[in-house]
Amino acid sequence: MYVDMQTGTVETIMSNSDLPVVLIVEDEPDVAETYKLWLQEEYEVRMAQNGDEGLDLLDEAVDVVLLDRMMPGLSGDEVLERIRERDLGCRVAMVTAVEPDFDILEMGFDAYLSKPIRSEQLHETVDNLLDRSEYDSLLQEYYALVEKQATLEATKSSAELAESDQYDELTERVAEMRDQLSDTLGGIEDDSDFIATLRGLSEDDNN
Amino acid sequence: MYDLTSVLEFDALSQIRPGSSILISGPAMSGKQRLAYDILADGIDGGDGAVVVTTGDGAGDVVEEFRSLVPDMNDAQLGVIDCRGDGGDQAVGNAHVHHVSSPGDLTGIGIGITKALEGLHNAGNERGRLALISLSTMLTYTDKKTVFKFCHVLSSRLDSAGYIGVFTIDSGAHDDQTLQVIKQAFDGMIDVRDAEGGGREARVLGLAGEPTDWQRI
């Protein structure tokens, strides 16, 4: 916390903006600096030089973690495991020196980037992972509406439903949200989107 | 477009848009799985790929079943995601078989489906049909919210693959509210029930126009 002596306002230094938060865990300072330069206009960036530091800087505010796989100390895989144990709901992209095979998805990463990474690639990956999170919250909202609608359908007669403005309004909103889910984010475009979204569901379930 | 009329003679099933997901609902032992298998077998017969996500039959049994339903099937046209969690080492030929630890392991099922779709694609299948049997079993492993979302996300994946999906649910095993919720994740529904005086009947809801009348199948 930071208290401004002149105005008396209290600000949180760690997260003083509405920008999405990206945590970079990378042991090579030059590489980490480069990522930060590319990202800092659009995101709040946090930097960690190793796995332990990364886990310290990780909290509810972090949306996306860029995790180098090969680091001294805790490996990327171990860090990932601890992130998942903490159930924070952030998305994790693995940064690797070699093109990985399919097992990356099974290991629990939401995306991967192989070095050397270009600026637009990095933006694309981070944006896509943020879209996944937005899709999750839309889906959550959509479900809440569907559940309300189903409760009315299961407890009221069709005559009562026909008379109900609340039911009309719900039905309309359900239809709107369904379109929004398929249009705004283009649905599920590829395998890693699909798996990352499903992984999100199982995590919600555990909460 | 997918034409299911050779399996079930309803006009509403003559032009199913790729990406559509259909719920097959009915009481226990009313032929839901049979119907889903027939829809897939009909596709295999016409050159489509087929993916079965099973919580009951083992992968080996599913492959055997389809070999007998479509005698000239090429194994590479079939993918099976066996969610019973017992590993299983039955010989399944060239079918694309994946084992998942439990019907509640949604990420595992997703990975299995992804691999099956990839295998089918590499074997030259551009279209296909997926059957999930059954949602009722999944609902005993995880809550309706998660199953609803899973169905929604899977439909979206099938849409981008150009597949159609059929999903079975035992209408007698869940309360009305659960059934209403699950229905909302689908584009349409085939209702089946035992007909008076023996045999079965079905109706189609939500795929084209008004719900159809009950019709003997």
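Student: Is Arg46(A) buried or exposed?
Tutor: The class follows from relative accessible area with a 1.4 Å probe and protein chains only: under 20% is buried, over 50% exposed, and in between partly exposed. Arg46(A) comes out at 6%, so the class is buried.

Student: What pLDDT do local features need here?
Tutor: Residues are numbered from 1 along each chain as its sequence is written, chains are lettered from A and ligands numbered from 1 in the order written, and side-chain values use heavy atoms, leaving out hydrogens and water. This is a predicted model, so totals for chains, interfaces and linings use all residues, side-chain atom pairs count only at pLDDT 80 or more, and local features need pLDDT of at least 70.

Student: Back to Arg46(A): which residue forms a salt bridge with Arg46(A)?
Tutor: A salt bridge needs a side-chain nitrogen of Lys or Arg within 4 Å of a carboxyl oxygen of Asp or Glu. Here the closest N and O atoms are 3.2 Å apart. Arg46(A) sits in strand E4 (residues 44–48) of chain A and its partner in the loop between H2 (51–57) and E5 (62–68), so the pair ties together parts 13 residues apart in sequence.

Student: How much area do chain B and chain A bury between them?
Tutor: Contact, meaning heavy atoms within 4.5 Å, involves 28 residues of chain B and 31 of chain A. Buried area is the accessible area (1.4 Å probe) that two parts lose on being put together, summed over both. Of that area, 64% is on carbon and sulfur atoms, and the total is about 2,700 Å².

Student: Which residue of chain B does Glu147(A) meet in a salt bridge?
Tutor: The rule finds two salt bridges across this interface. In one, at 3.7 Å from N to O, the side chain of Glu147(A) meets that of Lys144(B).

Note on methods: Helices (H or I, at least four residues) and strands (E, at least two) are DSSP runs, numbered from the N terminus.
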